[in-house]
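Please consult the sequence and the coordinates alongside each answer.

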Amino acid sequence: MPHTRTPAVAGWFDGEGDGFRLLGTRCSACASVHFPREDLHCRNPHCTGGPLEEVPLSRSGRIWSYTDSRYRPPSPYVSNPELPWEPYALIAVELEAERIVVLGQTAPGITVADLTVGMEVEVVPGVLDEDAETAWTTWHWRPTGVTV
Amino acid sequence: MTQDVAVLGAGMHPWGKWGRSFVEYGTVAARAALADAGVGWSDIGSVVGADTVRGGYPGYVAGATFAKALGWQGARVASVYAACASGAQAIAAARAQILAGLADVVLVVGADAAPKGFFRPAGGDRPDDPDWLRFRLLGATNPTYFGLYARRRMAVHGDTPEDFALVKVKNAAMGALNPYARYRKRVTAEEVAASAVVADPLRLLDICATSDGAAALVLSSMDFARRLGAARPVRIRAVSTVTPNFPNTVLDLPDIATDSAVAVEPTGETFRASIARAAFEEAGLGPEDLSLAEVYDLSTALELQWYEDLRLCGEGEGAKLLREGATAPGGRIPVNASGGLASFGEAVPAQAIAQVCELTWQLRGTAGERQIAGARVGITANQGLFGHGSSVVAVR
């Protein structure tokens with residue numbers, strides 16, 4: 001078992017269990033939300049800019065579209081070439097409050113056969129890959145209320 | 001509306017997996033374009049190259065590399081990188097030089113030797129690069145984005161995998177007639193349906209391959225064309241190189257998320273549609289004026305999207321337009337008479353130039369068995385990673 005859990009990317013998500021959230025930044029001047037986080041300047045061209053504040057994104061949203069990856073993606077995606085390739089699904093999710101679409105892998109065990117456009121999904125903590133020392137953590141989307 | 005520039009010459013190296021250097025491909029295409037133009041290499045005042053990565057040198061090179069291969073002769077030089085839009089932006093740079101009076105006649109070249117399989121980002125640990133991040137965090141290859149667009153069309157417009165397959169059938173039939181195409185075999189809908197799923201709902205034959213290839217153009221001022229005796233050359237009337245408008249609300253390669261629409265209401269016009277609109281506006285023409293279109297069919301489903309973005313039909317009516325035969329040869333607006341990327345594959349810096357080569361031959365009436373009768377106005381449409389627009393309007 002890995003000894004430590006380390007985010008695969010720093011500052012994009014936080015929390016455990018039901019408290020897990022994606023983290024973006026919000027412009028204090030125009031309220032635009034940025035994910036992945038934008039810490040330098042607001043990207044709204046009409047905005048004069050203000051301090052950018054870290055905000056948790058909505059926990060759930062609706063599927064904009066989905067697909068999967070039936071062939072092993074190339075590096076820098078990490079997978080064990082010794083093991084048979086297990087396709088994973090990807091979901092693009094519309095978050096209503098932020099009016100943004102965020103892509104992510106599905107939780108393990110969820111396939112495209114389980115999904116439809118418009119279905120509600122929620123963000124859950126997941127593991128991208130792991131070695132003997134470290135589990136690299138990420139976010140996953142999972143149909144709301146489903147536990148696999 | 002700006003002035004026209006003349007297309008004096010067009011040339012290609014056949015596309016495929018040839019295992020040779022992009023310099024060789026580009027030089028072959030350049031010499032073919034020069035011969036077609038009837039212009040000597042030493043008369044070229046400027047060379048613009050669409051960039052590729054040269055092995056052993058960690059940079060993007062093109063213009064001077066081709067100039068060296070053709071023999072240094074002191075021409076002005078520029079190199080352009082804009083991902084898949086590199087070729088169109090090289091044409092834009094050449095055209096700007098001609099219209100500004102900096103050069104009378106310019107050689108534009110794009111060539112590549114593509115890697116096998118999926119495109120992937122440059123190496124190293126680079127978490128500040130969105131292209132690197134989408135592979136590292138999501139394993140989101142280009143085909144997965146094509147799959148997202150295809151599934152979205154199915155959900156919103158009712159398109160079916162059978163509709164997508166018909167695009168491949170149409171383009172393969174044209175590619176079979178094109179001596180420069182990599183794939184020169186007709187394909188049936190059953191063959192598409194029997195190919196392996198790559199990114200649900202898209203199959204192997206719905207997605208374009210990677211290829212080696214090269215394309216080149218000789219462009220000039222209208223005065224130079226007249227002096228050369230080219231009385232009625234094909235003319236480039238518009239080149240659209242626009243960026244998206246905030247908020248960009250369609251999830252796009254290589255991004256992990258869209259812009260938020262909280263602060264600014266989206267106009268309803270997508271990035272791809274804005275690329276085409278800018279080209280039409282600059283040309284002073286509209287979709288009703290078109291004889292043909294060459295669009296960027298990275299996937300079969302994406303070709304249907306371009307029908308709508310070019311306003312060849314209304315939103316959601318792309319599959320209907322296809323089924324009616326309007327986009328096939330003999331139809332109201334044939335699309336991808338060259339065979340498209342479905343038949344060529346991707347050779348990134350070359351493909352936007354290759355699209356204009358096809359328009360040139362079609363508008364001259366020299367496209368052989370692929371000829372669209374009476375072609376007078378053509379448009380190309382393409383989109384480069386990271387927000388590079390690309391569309392060219394040519395007329396005769």
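Q: What percentage of the contacts in chain A with a separation of 6 or more is accounted for by residues 24 or more positions apart?
A: In this predicted model, chain A holds 0 helices and 10 strands. Read along the sequence, the pattern of chain A is β-β-β-β-β-β-β-β-β-β. Among contacts in chain A with a separation of 6 or more, the share from residues 24 or more positions apart is 55%.

Q: Is Leu95(A) buried or exposed?
A: Leu95(A) belongs to strand β7 of chain A. Its contacts, leaving aside neighbours within four places in sequence, are Leu57(A), Ser58(A), Ser60(A), Gly61(A), Ile100(A), Val102(A) and Trp141(A). The relative accessibility of Leu95(A) is 1%. The cut-off for burial is under 20% relative accessible area, so Leu95(A) counts as buried.

Q: What distance separates the C-alpha atoms of Leu95(A) and Val121(A)?
A: Leu95(A) lies in strand β7 of chain A. Along the chain, Leu95(A) and Val121(A) are 26 residues apart, and the separation of their C-alpha atoms is 10.0 Å.

Q: Which residues of chain A lose the most area to chain B?
A: The contact joins 45 residues of chain A to 41 residues of chain B. About 3700 Å² is buried between the two chains, with 64% of it on carbon and sulfur atoms. On the side of chain A, three residues together give 19% of what that side buries: Trp64(A), Arg99(A) and Leu103(A).

Q: Which element gives the most residues to the side of chain A that touches chain B?
A: Across the interface of chain A and chain B there are 17 residue pairs in polar contact. The elements of chain A that give two or more residues to this side are β6 (60–68), β7 (89–95), β8 (100–106), β9 (120–130) and β10 (134–143). The element that gives the most, with 6 residues, is β8(A).

Q: How many residues of the side of chain A that touches chain B are nonpolar?
A: Chain A brings 45 residues into contact with chain B. These residues divide into 7 charged, 9 polar and, as the nonpolar group, 29.

Q: What distance separates the centres of domain 1 of chain B and domain 2 of chain B?
A: The domain assignment of chain B gives domain 1 as 5–116 + 213–228 and domain 2 as 130–205 + 237–395. Their contact takes 38 residues from domain 1 and 34 residues from domain 2. Taken over C-alpha atoms, the centres of these two domains are separated by 24 Å.

Q: Which residues of domain 1 of chain B lose the most area to domain 2 of chain B?
A: The area buried between the two domains of chain B is about 2700 Å², and carbon and sulfur atoms give 71% of it. Three residues of domain 1 together give 30% of what that side buries, namely Met12(B), Trp15(B) and Cys84(B).

Q: How many salt bridges lie across the interface of domain 1 of chain B and domain 2 of chain B?
A: The side chains of Glu282(B) and Arg95(B) meet in a salt bridge, at 3.0 Å from N to O. The two domains also share 6 residue pairs in polar contact. The number of salt bridges across this interface is 2.

Q: Is Asn336(B) buried or exposed?
A: Asn336(B) lies in the loop between α11 (318–323) and α12 (340–344) of chain B. Residues that Asn336(B) touches include Lys170(B), Met174(B), Glu294(B) and Asp297(B). Because its relative accessibility is 0%, Asn336(B) counts as buried.

Conventions: Residues numbered from 1 in each chain as written. Chains lettered and ligands numbered in written order. Predicted model: local features only at pLDDT ≥ 70, side-chain atom pairs only at ≥ 80, totals over all residues. Heavy atoms only, no water. Domains from an automatic or database assignment. Contact = heavy atoms within 4.5 Å. Buried area = accessible area lost by both parts, 1.4 Å probe. Salt bridge = Lys/Arg side-chain N within 4 Å of Asp/Glu carboxyl O. Polar contact = N/O pair within 3.5 Å; in protein donor to acceptor, adjacent residues only side chain to side chain. Helix = DSSP H or I, 4+ residues; strand = E, 2+ residues; numbered from the N terminus. Nonpolar A, V, L, I, M, F, W, Y, C, P; charged D, E, K, R; others polar. Buried < 20%, exposed > 50% of the residue type's maximum accessible area, 1.4 Å probe, protein only.
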